[in-house]
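Hi,

Here is the structure I said I'd pass on. Have a look at it first, and then read on for what turned up.

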Amino acid sequence: MNAPMGLRERKKQRTRETISDTAITLFLKHGFDQVSVVDIAAVAEVSKPTLFKYFPTKEDLVVHRFADHQTVAGSVVAERPLGVSAIDALHQHFLDGLTARDPITGLNDDEDVLAFHHLVYSTPSLVARVSKYLAQAEAALAETLVGALDSDREITAALLAGQVIATERILASVNWRRVVAGRSADEVHPEAVADADHAYALLRQGLAGVAPRE
């Protein structure tokens with residue numbers, strides 16, 4: 001179990017959340033490019049150096065919300081039950097995300113989530129930062145897969161990680177487009193599940209000659 005945070009850590013966490021929430025509120029109201037770091041610091045009642053201590057770049061004020069997901073896929077593989085393949089564990093995790101309406105799957109019709117998504121993908125610098133995040137997530141998954149596949153070639157893990165991250169990105173994008181078009185997450189859910197099942201079946205075909213390690 002994780003040890004409880006001390007008072008100092010809790011204060012730092014609250015400060016971080018306040019700065020980020022303030023920034024995103026301002027970005028959604030005025031636009032990313034129209035809000036300066038100075039504006040954010042003033043409204044959040046922190047100094048500019050303090051803001052940069054928590055968020056090195058303006059883009060990090062937004063994209064840090066994705067940060068917790070960078071190592072999730074690797075953790076899913078590392079912590080999977082005995083006898084369950086890496087690809088099966090990842091497939092089930094994505095299906096669970098769809099059921100939970102996790103925004104990372106694209107299957108979420110909450111107005112605030114949709115507004116955040118529009119902010120990110122309508123801002124070129126944020127799109128670029130998300131691409132960097134995806135590359136980091138891919139590298140983290142590849143590192144874990146090296147020990148999860150019955151193969152001595154690291155390229156196998158790297159290729160599979162790239163395919164998994166790309167597959168889930170495409171699935172999420174398709175789901176977002178359906179929801180943005182006006183359909184509810186509940187209505188889209190069966191199609192999203194069918195798409196995920198199809199996508200992971202294709203990934204399994206590519207792994208037909210690579211068995212999971214026990």
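Threonine 71 is partly exposed, because its relative accessible area comes to 48%, and buried would need under 20%. This is a predicted model, by the way, so read everything below with that in mind. Threonine 71 sits in the loop that runs between helix H4 (60-63) and helix H5 (72-78). If you want a distance to check in your viewer, take threonine 71 and tyrosine 121: 50 residues apart in sequence, and 22 Å apart in space, C-alpha to C-alpha.

Is arginine 80 buried or exposed? Its relative accessible area is 18%, and the cut-off for buried is under 20%, so arginine 80 counts as buried. Its side chain reaches the backbone oxygen of valine 84, at 2.7 Å.

Now the charges. Side chains of opposite charge can pair when their charged atoms come close. How many salt bridges does a search of the whole structure find? It finds 8.

Arginine 178 and aspartate 195 form another salt bridge through their side chains, at 2.9 Å, N to O. That pair links distant parts of the chain, with arginine 178 in helix H9 (residues 154-180) and aspartate 195 in H10, 17 residues apart. Here the two ends fall in separate classes: arginine 178 is buried at 18% relative accessible area, whereas aspartate 195 is partly exposed at 27%.

Then there's glutamate 191 with arginine 183, whose side chains meet in a salt bridge at 2.3 Å, N to O. Glutamate 191 is partly exposed at 30%, and so is arginine 183 at 25%. Through shared partners, salt bridges join Arg178, Arg183, Glu187, Glu191 and Asp195 into one network.

On to the nonpolar side. In soluble globular proteins, nonpolar side chains tend to be buried together. The largest nonpolar core in this model has 31 residues, and Val77, Leu90, Leu98, Leu141, Leu145, Val164 and Tyr200 have the most contacts inside it. At least two residues of this core come from each of H5, H6, helix H8 (124-145), H9 and H10. Take valine 77: leaving aside neighbours within four places in sequence, it is in contact with Ala86, Leu90, Leu141, Thr144, Leu145 and Ala148. Another core, of 24 residues, lies apart from the largest one, and includes Leu26, Phe27, Val35 and Val37.

Last, H8. This helix has 22 residues and spans 32 Å from its first C-alpha to its last, close to the 32 Å expected at 1.5 Å a residue. Which of its residues are buried? Leu126, Val130, Tyr133, Ala137, Leu141, Ala142 and Leu145 are. An α-helix has 3.6 residues a turn, so residues three or four places apart point the same way. The buried residues of H8 pack against H4, H5, H6, helix H7 (111-121) and H9.

Cheers

Methods. Residues numbered from 1 in each chain as written. Predicted model: local features only at pLDDT ≥ 70, side-chain atom pairs only at ≥ 80, totals over all residues. Heavy atoms only, no water. Helix = DSSP H or I, 4+ residues; strand = E, 2+ residues; numbered from the N terminus. Buried < 20%, exposed > 50% of the residue type's maximum accessible area, 1.4 Å probe, protein only. Polar contact = N/O pair within 3.5 Å; in protein donor to acceptor, adjacent residues only side chain to side chain. Salt bridge = Lys/Arg side-chain N within 4 Å of Asp/Glu carboxyl O. Core = buried A, V, L, I, M, F, W, Y, C linked by side-chain atoms within 4.5 Å. Contact = heavy atoms within 4.5 Å. Expected span 1.5 Å × (residues − 1).
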